[in-house]
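The structure is shown here.

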Amino acid sequence: MKKYKIAVVGATGMVGRTFLKVLEEYKLPAESYTLFSSAKSAGSKLNFMGEEYTVQELTENSFDAGFDIALFSAGGSTSEKFAPIAAKKGCLVIDNSSAWRMDPDVPLVVPEVNPEEIKKHKGIIANPNCSTIQAMVAIKPLYDAYGIKRIVFSTYQAVSGAGRGGWDDLENGIKGEAPKKFPYPIAGNCLPHIDVFLENGYTKEEMKMILETRKILGDDTLRVTATTVRVPVFNSHSESINVELEKPFVMEELVEVLKKAPGVVVEDDVENKVYPMPINATGHDETFVGRIRRDESVESGVNLWVVADNIRKGAASNAVQIARKFIEFDNN
């Protein structure tokens, strides 16, 4: 099998460090790894693959070294500037920011859902929003089996989704300190406000879920709405997802569809108080689905409770899984 030169951009951040952890676990066929960051963090030392790596500053000449794959998690403006530079040098960029997600020429990929889109890349593949990724893993098997008329997302998103500053706000808020990242305290509170508010009254996070869902499922007419909420949980996002299906369903058969779906773990035994929780999802790459029940207010509706580690499956692991799938395609 071919060996690949792999770059990690934004290696010192919360997602970047998780990239490294996941790469150690997945053991891609790598010839070499190079770690990049902004000038501020350049020179940092990171232990990776049993060695000490010195993080290099990302510059316009960084990709002259001839990388095959670059995993980006360094923010939208960095991706907008450097991803095209890398792509022009023949490097496949897998980008974790929102910069390229809605570009019609850039595949938006969840490997369990639409892996064939990887083959259509023109140098850049976008990692979807964290809350969208776990929702798609749970919803795509139902979309394929029954068709979907409408989706209502209500999210309960952990503070790690807001980076180190979000984590610190919760940690410090528990001690009674004022918030620095969020506009209000997150400890003992819920904030129905993720990203900026738009003219239509939705937040940018809510519109990301709506538009990315349509793009990933390849259905521009799908009716989708969302309310996204930041909650005082350190890690792993939870989502209440209400789905109105096109076709009638037998509940036992629907549950079997989910059990057989790639990346899904069904945890649904309410008699024994078994259901997905953030505390159990953290550290895993699967999407956990439970509280599966018929929505009796519509013809063919179902409610799902969906939980996943937003830093792993919602960001780092999904990107590494894209890289792994690309390598699989590249060697066949």
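Asp-330 is partly exposed in this predicted model, at a relative accessible area of 37%. Its salt-bridge partner is Lys-2, with 3.8 Å between the closest N and O atoms.

The model has 17 salt bridges. Three of them are listed below.

| Pair | N to O distance |
|---|---|
| Lys-2 and Asp-330 | 3.8 Å |
| Arg-164 and Asp-168 | 3.1 Å |
| Asp-195 and Lys-208 | 3.4 Å |

Arg-164 and Asp-168 both belong to helix 4 (residues 163-174), where they sit four residues apart, about one turn of the helix. Arg-164 is partly exposed at 48%, and Asp-168 is partly exposed at 26%.

The salt bridge of Asp-195 and Lys-208 ties together parts that are 13 residues apart in sequence, because Asp-195 lies in the loop between helix 4 and helix 5 (204-217) and Lys-208 in helix 5. Asp-195 is partly exposed, with 33% relative accessibility, whereas Lys-208 is buried at 16%.

For Cys-130, the nearest cysteine sulfur is that of Cys-190, 17 Å away; a disulfide needs the two sulfur atoms within 2.5 Å, so Cys-130 is in none. Cys-130 is buried, with a relative accessible area of 13%. Cys-91 is also buried, at 2%.

How values were computed
Residues numbered from 1 in each chain as written. Predicted model: local features only at pLDDT ≥ 70, side-chain atom pairs only at ≥ 80, totals over all residues. Heavy atoms only, no water. Buried < 20%, exposed > 50% of the residue type's maximum accessible area, 1.4 Å probe, protein only. Salt bridge = Lys/Arg side-chain N within 4 Å of Asp/Glu carboxyl O. Helix = DSSP H or I, 4+ residues; strand = E, 2+ residues; numbered from the N terminus.
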